[in-house]
Amino acid sequence: MPKSIVVFGAGPGLGHAVARRYAREGYAVTLVARRPEPLDRLAKELTSAGATVHVITADLADTGATPRLAEQIRAKTGNLDAFYYAPTPATGFVSAASLTPQHAQNFMPLIFYTMLALVQEFLPHMLEQGDGAILTAQGGSTVQGLPNMSGPSPAQAAQRNYLQALHAEVAEKGVYVGMLYIGAAIRNSAFHAEMEQGKAAGNWVWEMPTVDPEHLADLLWTMHGTKGQREATYP
């Protein structure tokens, strides 16, 4: 049986690149996101290259549906060797001054609670076999608060705090927890498209470098393979 990974939040930027990278390494890949059409296109591409690919549509903001989602995954690919969790919220950044408690809470299920539920589903098998990986990638505002880029960032910071603690608990048991924090616009991502549209319209946008998603996927693969540092930043 090939090793298996699920890409939760298989978006057009880094999610697709991670799926391609792990498929090249012989992993069976399961793609999970809300809209089936992009997943089906990527699955067709990967399958034509010889990969084993499964597609599951799910709303990852619905934490209560996680047990059912885990059952669907196990039915297709068995217990996991790795998962990558980085879904993108449908709503974007706001200023810290205008952030309300309800607005902050709205980001928690997608960014933190569902990931926590998935760890509870898949970590026990990883610990039992003494091998596995839990991977994520988030924006640089997770690490350093930035003006007008609040909203999802506090939830991402909560996720980071949890994953740091989890890494400390499971690293010596063979399970790698890896976090990549990106201070750049990822080509092909929704954020990059919005930034380019804003520039074209003459609107103010946060100035930052751009990066190819394939480069970031290579970084994640190297982090997983070496199981060295728990966190990396780009650039």
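Is Tyr-113 buried, partly exposed or exposed? I looked it up first: Tyr-113 has a relative accessible area of 32%, so I noted it as partly exposed. I keep in mind that this is a predicted model.

I went on to Phe-112, which pairs with Tyr-113 through their aromatic rings. Phe-112 comes out at 13% relative accessibility, so I count Phe-112 as buried, the cut-off being under 20%.

**Entry: other rings**

I got a count of 9 aromatic pairs. I also found one aromatic cluster, made up of Phe-8, Phe-83, Tyr-85 and Phe-122. Then I checked Arg-160: its charged end sits over the ring of Tyr-181, 5.5 Å from the ring centre.

**Entry: the sheet**

Next I traced the strands. I see an open sheet of 7 strands with parallel pairing, and I read the order as β3-β2-β1-β4-β5-β6-β9. Which strands stand at the edges? I have β3 (53–57) and β9 (231–234) there; each has a single partner strand, so one side of each lacks a neighbour in the sheet. From one strand to the next I get an average twist of 15°.

I zoomed in on β1 (residues 4–8) and β4 (residues 82–85). They run parallel and are joined by 4 bridges. I picked out Val-7 and found that its bridge partner in β4 is Tyr-84. A reminder to myself: strands in a sheet pair through backbone hydrogen bonds.

**Entry: helices on the sheet**

I then looked at what packs on the sheet. Helix α2 (residues 36–48) touches β2 (28–33) and β3, and its direction makes about 175° with that of β3. Helix α3 (residues 66–77) packs on the sheet too, touching β1, β2 and β3; here I get about 165° with the direction of β3.

**Entry: helix α1**

How many of the 11 residues of helix α1 (residues 14–24) are buried? I count 9, so the helix is largely enclosed by the rest of the structure. I listed the buried ones: Leu-14, Gly-15, His-16, Ala-17, Val-18, Ala-19, Arg-21, Tyr-22 and Ala-23. I noticed that Arg-21 and His-16 are on that list. Just after α1, I found Gly-26 with a positive phi of about 95°.

Note on methods. Residues numbered from 1 in each chain as written. Predicted model: local features only at pLDDT ≥ 70, side-chain atom pairs only at ≥ 80, totals over all residues. Heavy atoms only, no water. Pairing = 2+ DSSP bridges. Helix = DSSP H or I, 4+ residues; strand = E, 2+ residues; numbered from the N terminus. Axes fitted to C-alpha atoms, helices over the stretch in contact; angles between N-to-C directions. Contact = heavy atoms within 4.5 Å. Buried < 20%, exposed > 50% of the residue type's maximum accessible area, 1.4 Å probe, protein only. Phe/Tyr/Trp six-rings, centres within 6.5 Å; stacked < 30°, edge-to-face > 60°. Lys NZ or Arg CZ within 6 Å of the ring centre and 35° of its normal.
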